[in-house]
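Let's learn to read a helix packing, one feature at a time. Have a look at the model first.

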Amino acid sequence: MESKKKTSIPNEAITRSTAQMAEQTGNLYETVMVIAKRANQIASEQQNELKAKLEEVSKGASDTIEEVYENAEQIEVSRCYERLPKATLVATEEYNNGELHFHLQKDRKN
């Protein structure tokens with residue numbers, strides 16, 4: 001994810017028009033599903049990034065002093081990711097800006 005997207009998305013609640021949200025898909029439920037699937041992708045990417053950074057920090061710990069310093073680094077990395085906007089907010093913003101490309105199935109048979 002780009003750092004621009006991380007900082008430009010507001011963390012506070014915003015009232016949105018459900019009719020306007022459903023314009024692209026024609027159905028509010030499908031809109032919510034598109035946003036939810038993208039949010040899951042974003043959350044997974046963030047989780048993988050966090051794991052990779054925490055593994056980088058935790059490599060080579062053998063001394064107790066290093067472990068204390070490492071623990072502080074791990075806490076700082078974790079706090080950085082906690083300050084990021086939630087994946088659902090990022091996905092909703094992408095949807096509203098027309099940045100999401102999706103394909104809806106037509107005439108789905110059970």
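Predicted model: local features only at pLDDT ≥ 70, side-chain atom pairs only at ≥ 80, totals over all residues.

Q: How many helices and strands does the chain have?
A: Helices (H or I, at least four residues) and strands (E, at least two) are DSSP runs, numbered from the N terminus. Here you get five helices and zero strands, so the pattern along the sequence reads α-α-α-α-α.

Q: At what angle do the axes of H3 and H5 cross?
A: Axes are lines fitted to C-alpha atoms, for helices over the stretch in contact, and angles run from 0 to 180 degrees between N-to-C directions. Helix H3 (residues 28–58) and helix H5 (residues 87–96) have axes that come within 8 Å and cross at roughly 125°. That makes H3 oblique to H5 (under 35 degrees is roughly parallel, over 145 roughly antiparallel, 65 to 115 roughly perpendicular, the rest oblique).

Q: Which residues make the contact between H3 and H5?
A: Contact means heavy atoms within 4.5 Å. On the H3 side you'll find Thr31, Val34, Ile35, Arg38, Ala39, Ile42 and Ala43, and on the H5 side Ala87, Thr88, Val90, Ala91, Thr92, Glu94 and Tyr95. They divide into nine nonpolar, three polar and two charged (Ala, Val, Leu, Ile, Met, Phe, Trp, Tyr, Cys and Pro count as nonpolar, Asp, Glu, Lys and Arg as charged, and the others, Gly among them, as polar).

Q: Is Thr92 buried or exposed?
A: Buried means under 20% relative accessible area, exposed over 50%, and partly exposed in between (1.4 Å probe, protein chains only). Thr92, in helix H5, has a relative accessible area of 12%, so this residue is buried. Leaving aside neighbours within four places in sequence, Thr92 touches Arg16, Met21 and Ile35. Buried residues in H5 also include Ala87, Val90 and Tyr95.

Q: And Ser44, buried or partly exposed?
A: Ser44 sits in helix H3 and counts as partly exposed, at 34% relative accessibility.

Note on methods:
Residues numbered from 1 in each chain as written. Heavy atoms only, no water.
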